Every structure is written in C-alpha cells, then in structure tokens.
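Thank you for asking for a reading of this structure. The points below are numbered so that each can be checked against the view.

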Amino acid sequence: MAATLRQTPLTCSGHTRPVVHLSFSQLCPDGYFLISASKDGKPMLRQGNTGDWVGTFEGHKGAVWGVALNADASRAATAAADFTAKVWDAVAGEELHTFSHSHIVKSVHFSPTSNELLTGSNEKLLKIYDIGKPEAEPQVFSGHTGALKHVLFTNEGRQMLSCADDKTIRVWDKAAGQEIQKLDLAHNPTSMELTGDEKTLTVTYGSKVAFLNPHTLEVEREVTVPTAVYSASLHPDRSVFICGGEDFKMYKFDYNTNVEIESFKGHFGPVHCVRFSPDGELYASGSEDGTLRLWQTTVGKTYGLWKCIDAASTENNITAKPEATA
C-alpha cells in the first residue's frame with residue numbers, strides 16, 4: 001500500500017520574503033510549536049503539528065536570521081540584521097529584552113534553564129547574556145575569524161558549539177571562557193543541529209552532511225548529497241535524516257546505510273532550513289520561495305491535519321488541509 005501513497009505537504013504561508021531558519025520547541029502540555037525566521041523581519045510562531053499560525057513577533061527593523069524557542073515554548077528569541085537579538089514572551093507576544101550588538105546577529109539559543117541567551121554574530125564573537133540581568137555586560141568568547149553562522153548551548157549550558165564562515169566548528173567552555181576544540185572543514189558550514197540527547201551534531205557544508213561527536217568533533221560519518229546542501233536534520237530515533245539545498249529538492253536518507261530513500265521537489269526556491277519535529281512525526285522546511293512546508297515522516301499516517309483514508313475510497317489516499325495561512 002505504501003507505494004500508492006504520495007507526500008502531501010502542508011504549506012504555511014504568511015512570510016513575504018525567504019524563510020532562512022526555523023526551530024521547534026520540545027514537547028509541551030499544548031503539543032509543540034514552530035518558530036520561523038524570515039528576511040521580512042517578522043518571525044512567526046505556529047502550532048507545530050498543524051502549521052496553524054499563532055502569532056507574529058513585530059519589532060525588528062531588518063531581516064531576521066535566527067530563531068529559538070525555550071524548552072516549554074514560553075519564551076522566543078530572535079537574531080536580526082538590525083544589530084539586535086530580542087527575547088519575547090511567546091504566550092503574550094510581547095518583547096521582553098533587546099540586546100544590542102555592533103553587527104548583524106545571525107543565531108540565538110537559550111540555555112537549558114532559559115536564564116541565559118547565547119548569540120552569534122558578524123562580530124565574529126559568541127556572547128552570553130543573563131536574561132535576569134539584561135543590563136549586565138555579556139560574557140564574550142573570541143577566536144573565530146569569520147562571521148558566526150550558528151551557535152548552540154550543550155552539556156547543560158556549560159559548553160557552547162559554534163560554526164562560522166572561517167570553515168570551522170568550535171567547542172567552547174563557559175567557565176574557562178575559551179575554545180577547547182576546533183574542527184577545520186573544506187567549505188564554510190551552512191547549518192548545525194544537535195540531537196536531543198546531545199550525542200550527535202549534524203553539520204552541512206559544501207555537498208556534505210556530516211555527523212559528529214559534539215564533544216570531540218570527531219566525524220563519525222559523512223554523506224555526499226547531489227547538490228550544495230544548506231541544512232540537514234536527524235530523526236530522533238536515528239533511522240533517517242533529511243536535507244535540502246540549492247536544487248529545491250528535499251532528500252531523505254537511511255542514516256545507517258547512507259542510502260538515499262527518496263527525493264522530491266518541494267519548493268520553488270533553494271531550501272534554507274529543515275528540522276524534524278520533537279516527536280519525529282513530521283519535518284519542516286523553509287525556502288527562498290517564502291514558504292514553510294510540513295512533511296510527514298510516515299506518509300499515510302493519521303497525524304495533525306493529515307487523515308489516512310482507505311485506498312479503496314480514494315486514489316490519492318490522503319486528504320490534507322492544503323494551506324495553513326497566517
């Protein structure tokens with residue numbers, strides 16, 4: 001029966017410019033949530049399993065490059081071209097704090113306790129802000145020689161991971177205030193994702209998807225994709241990973257064999273960001289075409305807005321809400 005099923009994505013409209021980053025919350029009492037960053041400067045919050053619009057965070061005066069939700073989706077953070085990172089009340093939609101930088105901010109990430117905000121910017125610096133003391137000076141980490149692309153807390157907030165346009169990935173120790181590991185790459189890294197158990201770091205660069213030990217930066221496996229790849233995400237159970245990039249296509253690979261399972265053209269522009277939901281039932285993609293799309297991991301399963309209908313009653317087998325509009 002599986003051969004007769006086709007993928008029917010949910011298209012989430014609302015952004016007017018390219019979608020460049022997205023992030024899911026963890027599983028919460030109300031399900032889970034999805035936040036998206038766009039060059040239109042208006043990050044959006046959505047219900048994760050349906051894509052239904054919850055709200056838009058308005059206040060930035062430039063493209064938003066990075067977004068993050070804290071564990072229970074009560075707070076959101078955004079990184080923007082207006083030289084600021086902002087923290088928001090994700091329930092009320094109100095701006096809580098603005099942290100000024102001297103250059104474009106590209107990435108933000110909450111500490112596990114939500115007490116600290118990590119930022120990465122074109123200043124080539126990592127900064128940690130105390131959200132409880134927003135007026136205090138941040139802790140600053142220097143060493144990168146190129147603009148930061150992505151930053152992440154790890155090891156219960158005691159360490160940080162970063163990648164930058166200097167073709168490196170680095171591990172930093174918060175207490176020591178310095179870099180403790182570095183990996184040189186053949187190309188500038190384009191994305192970085194840490195699994196929930198913090199055992200695998202997924203990195204994309206050139207046409208490669210690499211899976212690293214996040215503590216030692218040892219490359220455990222590497223897969224070549226048929227295009228310049230901009231983002232990849234590993235399924236929570238490590239069965240498959242998905243990726244997308246320059247050729248508009250979404251790719252799914254078997255994680256254990258590195259064999260491509262399927263690929264399909266999902267967008268009308270390069271794919272900038274892909275992420276699995278925290279329960280692994282779907283994955284989201286954001287593109288140059290200005291849309292977010294939600295895809296089923298197991299096609300034909302009743303989940304969210306997807307309803308599985310008996311093959312005898314319909315040729316397509318799946319009915320889905322065609323568009324979740326903002």
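1. A strand, as the word is used here, is a DSSP run of E with at least two residues, and strands are numbered from the N terminus. Please keep in mind throughout that the model is a predicted one.

2. The largest pocket has a volume of about 1,000 Å³. Of the 39 residues in its lining, Phe24, Gln26, His109, Leu194 and Gly196 are the closest to the centre. Several strands each supply at least two residues of this lining, among them strand 2 (19-24), strand 18 (189-194) and strand 26 (271-276), while the largest share, five residues, comes from strand 14.

3. At least two lining residues come from each of strand 2, strand 14, strand 18, strand 22 and strand 26, with strand 26 giving the most, three residues. This lining divides into four nonpolar, six polar and four charged residues.

4. Alanine 284 lies in strand 27, which covers residues 282-287. Is alanine 284 buried or exposed? Alanine 284 counts as buried because its relative accessible area is 0%, where the cut-off for buried is under 20%. The C-alpha atoms of alanine 284 and tryptophan 88 are separated by 22 Å, and the two are 196 residues apart along the chain.

Notes
Residues numbered from 1 in each chain as written. Predicted model: local features only at pLDDT ≥ 70, side-chain atom pairs only at ≥ 80, totals over all residues. Heavy atoms only, no water. Helix = DSSP H or I, 4+ residues; strand = E, 2+ residues; numbered from the N terminus. Buried < 20%, exposed > 50% of the residue type's maximum accessible area, 1.4 Å probe, protein only. 1 Å grid on protein atoms, 1.4 Å probe; cavity = no way out; pocket = protein on both sides within 12 Å on 5 of 7 lines; lining within 4 Å. Points joined across faces, edges and corners; volume = space filled by probe spheres on them. Nonpolar A, V, L, I, M, F, W, Y, C, P; charged D, E, K, R; others polar.
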